[in-house]
Amino acid sequence: SGITDQQAKELNAILDGTAPYDDSKYKDLLLKNTLALEIMARASSLPNCDWGLDYGLGHDVPVDYARKALVLGRLNVLYAFHLLKTGNKDGEVRALAAGLRFSHDVGNGGSLFATLIAKDLLTSHLRAVAGALRLEQLSAGQRSQLQTAVARVGGGLDWSMAAKRDLEALRGDYAGNSQTSAALTRIISSYVAALNDESKLPALDQAVQGAPQELANVIPNAKRVLEQKQDLNNTLLQTRALLQ
């Protein structure tokens, strides 16, 4: 069951922590989506999920699954809030644990777009976990379940691989231009290095600036990607500290 633009706006405010959750507003919406959320939770128990996308399709690689995953993942956070309001702490913890697994899997085998969505969902679930730890009396078993779920997130997301997929998908656009193709090869190498080591950003900037303008214009801003990566790392560290 879809949500309106206004509901999406209100939902973002709740997930950002700038608006309170009102169960009377969202209870019906969550009930309509309970089956979808239960299927998501059941599927998230699989040890690994890779979307199996064919990047040979270039610009035609489907991205709708990631947009739908964003909506479903955000609804899952609301679902956890709803379960808490009804006094179902076990259900809340299960929903948050499943949501963390689902959020992490959204980025598996995906593009930078999918990875950014996975990051958004992970931080939303991690904030909800932190809120539950601060405000609620959780049992040892409930805390252990959340600890396990957060631990499975590991070091976060594979940003460099996602960026490499996106950039490699550009090759078809410049196959007939040896100069631009060579510049793309240099950029890919520098981009991956910069996402793994921020001190390599100047070398990437130099590679982008030295590329033909038509290529330079389509290269994602690596500094912004690194900011997203750091934000997720900080949120993970904060949540893990609360679980100690």
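Student: Which residues does A132 touch, not counting residues up to four places away in sequence?

Tutor: Contact means heavy atoms within 4.5 Å. By that test, and leaving out residues up to four places away in sequence, A132 touches E92 and L138. This is a predicted model, in which local features need pLDDT of at least 70 and side-chain atom pairs count only at pLDDT 80 or more, while totals for chains, interfaces and linings use all residues. Residues are numbered from 1 along each chain as its sequence is written, and side-chain values use heavy atoms, with hydrogens and water left out.

Student: Where is A132 placed, and is A132 buried or exposed?

Tutor: Helices (H or I, at least four residues) and strands (E, at least two) are DSSP runs, numbered from the N terminus. A132 is in helix α6. Buried means under 20% relative accessible area, exposed means over 50%, and partly exposed lies in between (1.4 Å probe, protein chains only). A132 has a relative accessible area of 3%, so A132 is buried. Its C-alpha is 23 Å from that of A8, a residue 124 places away in sequence.

Student: What is the pLDDT average of the protein, and where is confidence lowest and highest?

Tutor: pLDDT is the predictor's confidence in each residue, from 0 to 100. The average for the protein is 91, and 99% of the residues score at least 70. Confidence is lowest in helix α1 (residues 5-15), with a mean of 78, and highest in helix α10 (residues 201-209), at 97.

Student: At what angle do α4 and α6 pack?

Tutor: Axes are lines fitted to C-alpha atoms, for helices over the stretch in contact, and angles run from 0 to 180 degrees between N-to-C directions. Under 35 degrees counts as roughly parallel, over 145 as roughly antiparallel, 65 to 115 as roughly perpendicular and the rest as oblique. Helix α4 (residues 64-85) packs on helix α6 (residues 112-135) at about 0°, and the axes are 9 Å apart. The angle makes α4 roughly parallel to α6.

Student: Which residues in α4 and α6 meet, and how many are nonpolar, polar and charged?

Tutor: On the α4 side, the residues include Y65, L70, V77 and F81, and those in α6 include F113, I117, L121 and A128. For the classes, Ala, Val, Leu, Ile, Met, Phe, Trp, Tyr, Cys and Pro count as nonpolar, Asp, Glu, Lys and Arg as charged, and the others, Gly among them, as polar. The contact of α4 with α6 has 11 nonpolar, four polar and three charged residues.

Student: How many salt bridges does the structure hold?

Tutor: Side chains of opposite charge can pair when their charged atoms come close. A salt bridge is a side-chain nitrogen of Lys or Arg within 4 Å of a carboxyl oxygen of Asp or Glu. The structure holds five. One of them joins K25 and E10 (3.6 Å, N to O). K25 lies in helix α2 (residues 23-32) and E10 in helix α1, so the pair ties together parts 15 residues apart in sequence. E10 is partly exposed, at 24% relative accessibility.

Student: Which residue meets D231 in a salt bridge?

Tutor: The partner is K119, at 2.7 Å, N to O. D231 lies in helix α12 (residues 222-242) and K119 in helix α6, so this pair ties together parts 112 residues apart in sequence. D231 is partly exposed, at 30%, whereas K119 is buried, at 7%. D231 is also in contact with T123, which lies in helix α6 and is buried at 3%.
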